[in-house]
Amino acid sequence: MLQYDLVVVGGGPAGMAAALQAHEDGVEKILVLERADTLGGILEQCIHTGFGLHYFGEELSGPEYAARFSEALYKTNIDVKVDTMVLDISADNVVTAVNNFDGLLTVKAAAVVLAMGCRERPRGALSIAGSRASGIMTAGTAQKYVNIDGYMPGKTVVILGSGDIGLIMARRMTLEGAKVKAVCELMPYSGGLTRNIVQCLEDFGIPLRLSCTVIQTHGKERLEGVTVANVDEHLQPIPGTEEYIPCDTLMLSVGLIPENELSKSAGVALDPVTNGLVVDEYRETSKKGVFACGNVLQVHDLVDYVTEESKLAGAGAAKFIRGEKPAGGTVTTVGENGVRYVVPQRINRATDKDVKLYFRVGRVLENVTLTVTCGEETLISRKKRKMTPGEMEYVTLKASVLEKLPEDAKLVVSTKEA
Amino acid sequence: MKTKELICVSCPIGCAVTVTLDDNNEVVSVTGNTCKRGDSYARQECTHPERMLTSTVKVIGSRLPVVPVKSAKPVPKELLLDCMQEINRVTVQAPVHIGDVVLANILNTGVDIVATNNA
């Protein structure tokens, strides 16, 4: 059995940043295990720019952003195994993995960082009538076909879901000569960034149909078209609004699910709202010495925030390995009145630094007063012109405020519309 | 005189901005924005809109069939599809490194197309 101080599961932006931070903080033996054949994760296929505006103050493409970290990582003595699939994490932090060169591999780790990312909700998660014709795929799968494999998966496209990947693929397919007929969004607002709606759809005259969904696919071997319909306030299709759109490709951009099978088998507590993990301010999970960061913890819209979060997890793991990390965050956080969730869910009030509370709202809110309260006391109050579910927000709690809270304080992040 | 309706992309608020242009397409006024960034975005967008362009080009001798590229600077928006035709004609030989110019001065815009990954 191999012995490491820290094993990082996943070599995407989260895993790389966590490993580098732990290395910087003096952790000596670090192993990164990656399922794909290179480091970089999903960034490798995100060839559009817009990454790094916050973290580097530059507008980078996905591969460029990833390379900043992978190049730094390969300059250190951090061990990396690519093409390696982690199968299990045991109760005492023994990581079991498999690959072509080691066969079955077991690693005893003092600490583990979970950075497995997320995957897309597939067609099977939706109730769309029709047979299993080819030409129906998630937007991320199409993105890999076009950007990594150099292969165009179709000529006429309908996209269901207006998340950022769907919007980005609408532009990408158009640039490569395909005709994108419509982007349909079930909700009355888009889940994507405004910038992407303008620059990926409006620039190319692609219609965005809100409160609209695909109710049926047509075609047996290859997709021939889809039937779309408007939906009412209960998100149910309205009879009489059906419209047939001929197309050979249907792309789905209908949500992301943290990939937590390993976490579950390791016995780590999950948050039912995020489908990610319950963590403290250093991103330590309910299991001692097991940390989590990136999209496996909560789905992010900006990789810059993933990097920030992952550095916390790396720093936390380093503290844990040195025996300096205080256990048992007793202050809890919760979202109310439109705030769907808050990460971290637990905070140690004796923490040594300011803590950012990340959260999302459940619907579009305007002229909002955002508050963080503890019992009767208002700790933070902030006015916001507009908040949307598509954009993750945060507020910063000062360490000096935290230390004065009662031991079992419950912090409520809440909104109120004017 | 004519008007153009835009959604500002400077921040998540997404103000609906109205720009009034005179007959020479000079900006007369910008309304509806709630900050200075909205004003400059609207002026730029109405006079010479530009976009970053990203795509891939064929690569020979690499483990992958294509390598991603970007315009080193934004290119005029109206040239995006013409630029794509030029980019689709390019084939490069591995090894390629991040930042390598794969197509210089595309369509005489003064902008180079550069690789954004190693191959």
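The contact between chain B and chain A takes 31 residues from chain B and 31 residues from chain A, where contact means heavy atoms within 4.5 Å. This is a predicted model, in which local features need pLDDT of at least 70 and side-chain atom pairs count only at pLDDT 80 or more, while totals for chains, interfaces and linings use all residues. Residues are numbered from 1 along each chain as its sequence is written, chains are lettered from A in the order in which they are written, and side-chain values use heavy atoms, with hydrogens and water left out.

Chain B and chain A bury about 2,500 Å² between them, and carbon and sulfur atoms carry 57% of it; buried area is the accessible area (1.4 Å probe) that two parts lose on being put together, summed over both. Between chain B and chain A there are 4 salt bridges, each a side-chain nitrogen of Lys or Arg within 4 Å of a carboxyl oxygen of Asp or Glu. A salt bridge joins the side chains of Lys70(B) and Glu64(A), at 3.0 Å from N to O.

Turning to chain A, its domain assignment gives domain 1 (1-120 + 255-326), domain 2 (122-254) and domain 3 (328-418), with bounds that come from an automatic or database domain assignment. The C-alpha centres of domain 1 of chain A and domain 2 of chain A are 31 Å apart. Their contact takes 12 residues from domain 1 of chain A and 18 residues from domain 2 of chain A. About 1,100 Å² is buried between domain 1 of chain A and domain 2 of chain A, with 53% of this area from carbon and sulfur atoms. Of the area that domain 1 of chain A buries against domain 2 of chain A, Gln45(A), His48(A) and Glu120(A) supply 54%, more than any other three residues.

Finally, the nonpolar cores. Such a core is a set of buried Ala, Val, Leu, Ile, Met, Phe, Trp, Tyr and Cys residues joined through side-chain atoms within 4.5 Å, buried being under 20% relative accessible area (1.4 Å probe, protein chains only). The largest nonpolar core has 41 residues, of which Met173(A), Met251(A), Leu53(B), Ile87(B) and Val92(B) touch the most other members. Apart from this core lies another, of 34 residues, with Leu39(A), Tyr65(A), Phe69(A) and Ala315(A) among them.

Conventions: Buried means under 20% relative accessible area, exposed over 50%, partly exposed in between (1.4 Å probe, protein chains only).
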